Amino acid sequence: MKSLTNRSKMVSNKKMTFLEKLYLPAILGGMVITFKHLFKKNNTLKYPEERKVFAPVYRGQHVLKRDEHGRENCTACGLCAVACPAEAITMIAGEREKGEEVLYREEKYAETYEINMLRCIFCGLCEEACPKEAIFLTDRLVEPQFEREDFIMGKDLLVEDVNNRIDISLRQLTGKRKEK
Amino acid sequence: MDTGLFFEKLILVVLLFTISLVIAMYSTYLERKVAAWFQDRVGPDRAGIWGILQPLADGGKMFFKEDFTPVNADKWLFIIAPGIAMFVALITSSVIPWGPNIYAFGRDIQLQVANVDIGILFIMGFVSIGVYGIMIGGWSSNNKFSLFGAIRASSQMISYELAMGISVITIVLLSGSLALDDIVKAQHGINWFVFKQPVAFIIFFVCALAECNRAPFDLAECESELIGGYHTEYSSMKLGFFLFAEYTNMFISSAVIAVLFFGGYNFPGMDSFSGNWLALMCVAAFFIKILFFIFVFMWVRWTIPRFRYDQLMHLGWKKMIPIALINLLITALVIAFWEGWFN
């Protein structure tokens with residue numbers, strides 16, 4: 001029967017020749033191939049010592065930014081918590097007292113601010129929702145913990161240190177903040 | 001009995017025991033490293049510099065694992081099986097000549113624990129006892145998969161021992177002696193038997209792979225089908241013994257291959273040395289050959305996928321044995337013509 005298309009292939013049921021039945025030539029050929037791999041460069045990254053450089057838009061552990069005077073940007077508006085699809089963010093707002101102007105940028109601030117890193121899906125919607133440029137995702141990894149409670153990170157872990165700022169300048173160049 | 005001889009042999013036995021164990025230990029490390037190199041990886045490199053302490057860590061781990069015996073297992077057989085495997089693996093090193101005699105303390109020290117006249121038969125005999133370790137281990141575990149593995153191992157060993165034995169006979173024809181010492185002495189310098197008997201060498205090597213249950217003939221313990229085969233139910237140091245016996249077997253097989261086909265401790269240009277220096281260099285040459293063959297064992301393992309069981313049996317009975325027999329016949333005829341028996 002003639003086939004309509006010429007895509008069909010004849011099945012080869014060829015008997016192996018004596019040399020093929022001995023397997024030896026094929027095995028020796030295989031051994032040459034593996035031997036060549038002895039001299040190839042390996043691509044292993046020795047993890048704790050060497051780390052992969054993440055892309056600037058990598059979405060890792062969050063940071064709560066301070067402004068240039070060291071005041072917290074966050075005003076506890078709650079937009080990040082609303083935007084969060086995993087409901088990982090909670091906060092309690094507080095009113096700024098007299099004399100606390102060096103600590104908080106505006107009259108309202110977050111007394112507590114918690115992100116549950118086990119709930120978080122690192123989508124970055126909190127970052128997009130934030131009108132005050134207070135929360136950013138960074139290229140840091142969330143450290144492993146032994147207890148589930150330890151993954152609920154409070155302000156002590158999230159707010160950046162004044163003297164040890166976390167660079168997010170490359171992130172600001174991406175996405176919607178580019179035109180600013 | 002001569003006390004000097006007693007101490008000389010005692011020291012040799014202890015030394016051999018230690019060397020076998022250390023080489024087996026570091027074969028596990030080397031295996032992982034070689035596998036890594038062949039697969040463009042790094043391999044173990046955390047314990048000590050280049051991961052050199054990895055075998056110690058593995059051994060320590062083995063010791064601290066729970067030593068578990070299944071409820072329905074035959075307890076005594078279950079315990080004795082790894083012992084047999086280990087015993088057989090270690091005892092064969094006693095007849096291998098490790099080097100020419102050394103002159104020390106006014107004595108002529110032989111670097112061979114026992115110069116048995118039937119050396120190669122001794123090795124073949126003990127290696128075939130090795131299957132009891134596997135068989136008893138698989139049987140006493142009272143587990144289907146273990147039994148499958150054990151049966152596979154025993155039928156595989158029976159089918160490959162024949163071809164192995166026949167290829168050894170060709171060597172015995174050439175050397176005219178069963179004693180390993182004489183076989184080595186017959187291959188003085190570079191006069192190695194592999195050049196006269198390449199076919200016998202290939203058959204012996206393939207059979208050695210099968211005897212050691214190494215890939216591509218590791219059907220007895222294939223992880224994917226039989227979840228470890230005969231040692232599925234074993235844990236702790238009992239499992240360690242089985243794994244260790246496998247690597248010791250590999251060491252001994254490499255030594256036997258070197259002795260039978262690659263001149264044992266002989267190396268080209270050995271006539272220009274003499275005395276203890278010669279002996280030391282011979283031992284070094286022998287160990288280099290052994291290490292090379294251990295490497296080849298690993299090389300083969302990380303190159304070829306496992307044979308299917310029927311392929312294994314076909315290869316053993318329908319290819320290896322006929323080829324070995326023809327090779328034996330031709331060798332015998334050539335020797336007969338050479339000696340002038342037909343004149």
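**Entry: a helix pair in chain B**

I began with helix α8 (residues 198-211) of chain B and helix α12 (residues 309-339) of chain B, whose axes come within 10 Å and cross at roughly 145 degrees. The model is a predicted one, and I read each value below with that in mind. I noted the crossing of α8(B) and α12(B) as left-handed. Looking up which residues meet there, I found Val199(B), Ala200(B), Ile203(B), Val206(B) and Cys207(B) on the α8(B) side, and Met320(B), Ile323(B), Ala324(B) and Asn327(B) on the α12(B) side. Sorted by class, this contact holds 8 nonpolar residues, 1 polar residue and no charged residues.

**Entry: the nonpolar cores**

Which residues have the most contacts inside the largest nonpolar core? That core has 90 residues, and I listed Ala85(B), Phe204(B), Cys207(B), Phe251(B), Ile257(B), Val259(B) and Leu260(B) as those with the most contacts inside it. The element that gives the most to this core is α10(B), with 16 residues. Apart from this core lies another one, of 20 residues, and I recorded Ile89(A), Tyr113(A), Cys126(A) and Cys130(A) among them.

I then took Leu260(B) by itself and, leaving aside its neighbours within four places in sequence, found it in contact with Val168(B), Ile171(B), Ile183(B), Phe193(B) and Phe204(B).

Helix α10 (residues 236-261) of chain B has 26 residues, and I read its reach from first C-alpha to last as 38 Å, close to the 38 Å expected at 1.5 Å a residue. I noted α10(B) as mostly covered, since 23 of its 26 residues are buried. Just after α10(B), Gly263(B) takes a positive phi of about 75 degrees.

Helix α3 (residues 75-91) of chain B has 17 residues and reaches 25 Å between its first and last C-alpha, close to the 24 Å expected at 1.5 Å a residue. I wrote down its buried residues as Phe78(B), Ala81(B), Pro82(B), Ile84(B), Ala85(B), Met86(B), Val88(B), Ala89(B) and Leu90(B). Against which helices do the buried residues of α3(B) pack? I found that they pack against α1, α4 and α10 of chain B.

**Entry: where chain B touches chain A**

The contact takes 11 residues from chain B and 11 residues from chain A. On the side of chain B that touches chain A, α1 (3-38) and α11 (275-301) of chain B each supply at least two residues. I divided the residues of that side of chain B into 7 nonpolar, 1 polar and 3 charged.

I looked next at Ala76(A), which has a positive phi of about 55 degrees although it is not a glycine. Ala76(A) lies in the loop between β1 (62-64) and α3 (79-83) of chain A. Is Ala76(A) buried or exposed? With 23 C-beta neighbours inside 10 Å, Ala76(A) counts as buried, because the cut-off for a buried residue is 20 or more.

Trp50(B) lies in the loop between α1 and α2 (54-64) of chain B. I recorded Trp50(B) as partly exposed, with 14 other C-beta atoms within 10 Å.

**Entry: two separations in sequence and space**

Ile134(B) is found in helix α4 (residues 119-140) of chain B, and I noted it as buried, with 31 other C-beta atoms within 10 Å. From Ile134(B) to Asn276(B), I counted 142 residues in sequence and read 42 Å in space, C-alpha to C-alpha.

Glu149(A) is exposed, with 9 other C-beta atoms within 10 Å. The C-alpha atoms of Glu149(A) and Gly78(A), which are 71 residues apart along the chain, are separated by 22 Å.

Technical notes: Residues numbered from 1 in each chain as written. Chains lettered and ligands numbered in written order. Predicted model: local features only at pLDDT ≥ 70, side-chain atom pairs only at ≥ 80, totals over all residues. Contact = placed C-beta atoms within 7 Å. Helix = DSSP H or I, 4+ residues; strand = E, 2+ residues; numbered from the N terminus. Nonpolar A, V, L, I, M, F, W, Y, C, P; charged D, E, K, R; others polar. Axes fitted to C-alpha atoms, helices over the stretch in contact; angles between N-to-C directions. Left-handed = near helix turned anticlockwise from the far one by under 90°. Expected span 1.5 Å × (residues − 1). Buried ≥ 20, exposed ≤ 12 C-beta atoms within 10 Å, placed from the backbone. Core = buried A, V, L, I, M, F, W, Y, C linked by C-beta atoms within 7 Å.
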